[in-house]
Amino acid sequence: MKAHLTELLAQAAKSLTQNADFDASNLAIQLERPKNKDHGDFSTNLAMLLAKPLRQNPRAIAESLIQALPTSAYVEKVEIAGAGFINFYLGANAKQAIIGLIAAQGEKFGHNNIGQGRKVQVEFVSANPTGPLHVGHGRGAAVGDCLARLLDANGWAVTREFYYNDAGVQIDNLTHSVQLRCRGITPDDPLWPEAGYRGDYIADVAKAYLNKETIVADDMSVTATGDVEDAESIRAFSVAYLRHEQDLDLRAFQIKFDVFSLESALYTDGKVESTVQSLIASGHTYEQDDALWLRTTDFGDDKDRVMRKTDGGYTYFVPDVAYHVDKWNRGFDRVINEQGADHHSTITRVRAGLQALNVGIPQGWPDYVLHQMVTVMRGGEEVKLSKRAGSYVTLRDLIEEVGCDATRYFLAARRADSQLIFDIDLARAQTNDNPVYYIQYAHARICSVLAQWAGDASSLPTVDLSPLNSAHDAALMQRLSEFPEVVENSATDLAPHTIANYLKDLASDLHSFYNEHKILVEDETTKLARLALVSATQQVLRNGLQLLGVSAPNKM
RNA sequence: GCCCCCGUAGCUCAGUGGAUAGAGCAUCCCCCUCCUAAGGGGAGGGUCACACGUUCGAUUCGUGUCGGGGGCACCA
């Protein structure tokens, strides 16, 4: 419908400007849905945009545009309003058409092929295997998974990837902590190192290690030797144990990854070394103070960065650059890294490293979506501690307390770049305070009506829709027709929260409609038309909830 | 000190160049002889942090100030 109106306007603008020395063909025609119902179904500011080049006042231009507008079977009325807005009022037939479209497309309604099957990788969570996942990882998981679902719905071939650092200082600390626990030393002992991990789960790892258990994680399997002196065995076992813990966290959150990437593999495969050699060959490096530096200031950084430390080891961003070269070589047209905002400083360095290599990677590749911190509240107070992890709230605690659906919804329903307050009491509430239940309830209500009707739903797409002429009918149909635009914009902006907002609005329209109109009425034509409308609504609620990874229950 | 994000109703948050700035909660008032009241309708509540610019038009863009958070190591 939008494309249809855009075409009408383009033709009008063309005929209007053909005598002026101004080319209207490359004019970006903006068509929006007015917030105010009195401003029609669609509105354009085209006349205002043409005011300057044509040197006429906007209202006069609007007048001429309307005169030049080709006739359309869908447009009922066109009006000029305000400073020169042109408002379109659609006929009932145009609005009702959406019901047939939804029925025909089913679970594909709202999807498009903008991605054209191109490869995109979404890297998210990427927690180091040093403990259970916490709320912050949960936010990354909810946002990242939803991004992946959105891109999929927009025609991209999506790979979900989890990268973890299984080498380096943090893992040394982990190994040491487990080893101490094996020897019976606890965190309250004076011998316990400052950098050691203090959570109770470290004791669980130690116990399992001493029992010579075998751990099978999603991407590895390790059996403990039980030898307290064997640091290498402890390291491998601890990493596997905690990776497995994280697998369980992710399973509880219903998130699956296609690929797990290990930092250590970048070293063993020689990818780090070859990246370093390429960087040296690029001429963007130099030696100073016994260290090797990358001149990241050539690419917009505020100071150069050390690549190889005086002790011979590489700094963290070097394997990170190697990892992204690997992503590029794997043929991803697009890469989106979903991370906590505390990793913000890596962006410039990784991109600088990739540009320095000069292998054709576009500037600004890869994309980043950074999420801000999560604060968990219960009973009006901040929750800071958990039994398992000690110093932070774990994702699994949260899922166990409020459920997977509510946790996913709340963590994905806010803009990623805003700080998020997670109110446990609200997320648990089984009342209309809680947007998750509000949306799911709309779906369940429809299911209930359809079940009581007990008719053949496959006959609904072809029924006479003419009884759908009330304001509530129109509002609901309009909302349904917006879904494809929401799915597209949400992916373009990498903003999954707009899906959550849309669903809340859709549920609201459904509840209003439901309250105003009885569906299972005597009059057969009216009944079938309303059933067709709620059936279409049910489909869109499902499709939307699917994008969030939230269930659509038939009963509540 | 420098960099990034945020600052919108009492609270949690949408909106991000356009026409009277929205929702939910909270407060107050209505609606179940009726398909799930986990619902609906209505009222009150805002100098869109502040200032100056750009624009026909700024909550939205730019600069600065003030708040909140995060990052500024040869840690990751």
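Modeller: A salt bridge here is a side-chain nitrogen of Lys or Arg within 4 Å of a carboxyl oxygen of Asp or Glu. The structure holds 28 salt bridges. Please keep in mind that this is a predicted model, in which local features need pLDDT of at least 70, side-chain atom pairs count only at pLDDT 80 or more, and totals for chains, interfaces and linings use all residues. Residues are numbered from 1 along each chain as its sequence is written, chains are lettered from A and ligands numbered from 1 in the order in which they are written, and side-chain values use heavy atoms, with hydrogens and water left out.

Colleague: What makes Arg-243 and Asp-247 a salt bridge?
Modeller: Their closest N and O atoms are 2.4 Å apart, and the limit is 4 Å, so the pair qualifies. Both residues lie in helix H8 (residues 231-252), four residues apart, about one turn of the helix. Helices (H or I, at least four residues) and strands (E, at least two) are DSSP runs, numbered from the N terminus.

Colleague: How do you know that strand S2 and strand S4 are paired?
Modeller: Pairing requires that DSSP finds at least two bridges between two strands. Three bridges join S2 (residues 42-44) to S4 (residues 85-90), so they are paired, and they run antiparallel. Within this pair, Thr-44 has Ile-86 of S4 as its bridge partner. The open sheet has four strands in the order S1-S2-S4-S3, with antiparallel pairing. Its edge strands are S1 (31-32) and S3 (75-81), each pairing on one side only.

Colleague: Why are S16 and S17 called edge strands in the other sheet?
Modeller: That open sheet has three strands in the order S16-S15-S17, with mixed pairing. S16 (381-382) and S17 (420-423) each have a single partner strand, so one side of each is left without a neighbour in the sheet. Two bridges join S15 to S16, which run antiparallel, and Met-377 stands opposite Glu-382 in S16.

Colleague: What lines the largest pocket?
Modeller: A pocket is found on a 1 Å grid over the protein atoms alone, as an open set of points where a 1.4 Å probe fits, with protein on both sides within 12 Å along at least five of seven lines; lining residues have an atom within 4 Å of a point. By that rule 49 residues line the largest pocket, and Ser-126, Asn-128, His-137, Asp-342 and His-343 lie nearest its centre. Among the elements that each supply at least two lining residues are helix H5 (135-153) and strand S13 (334-340).
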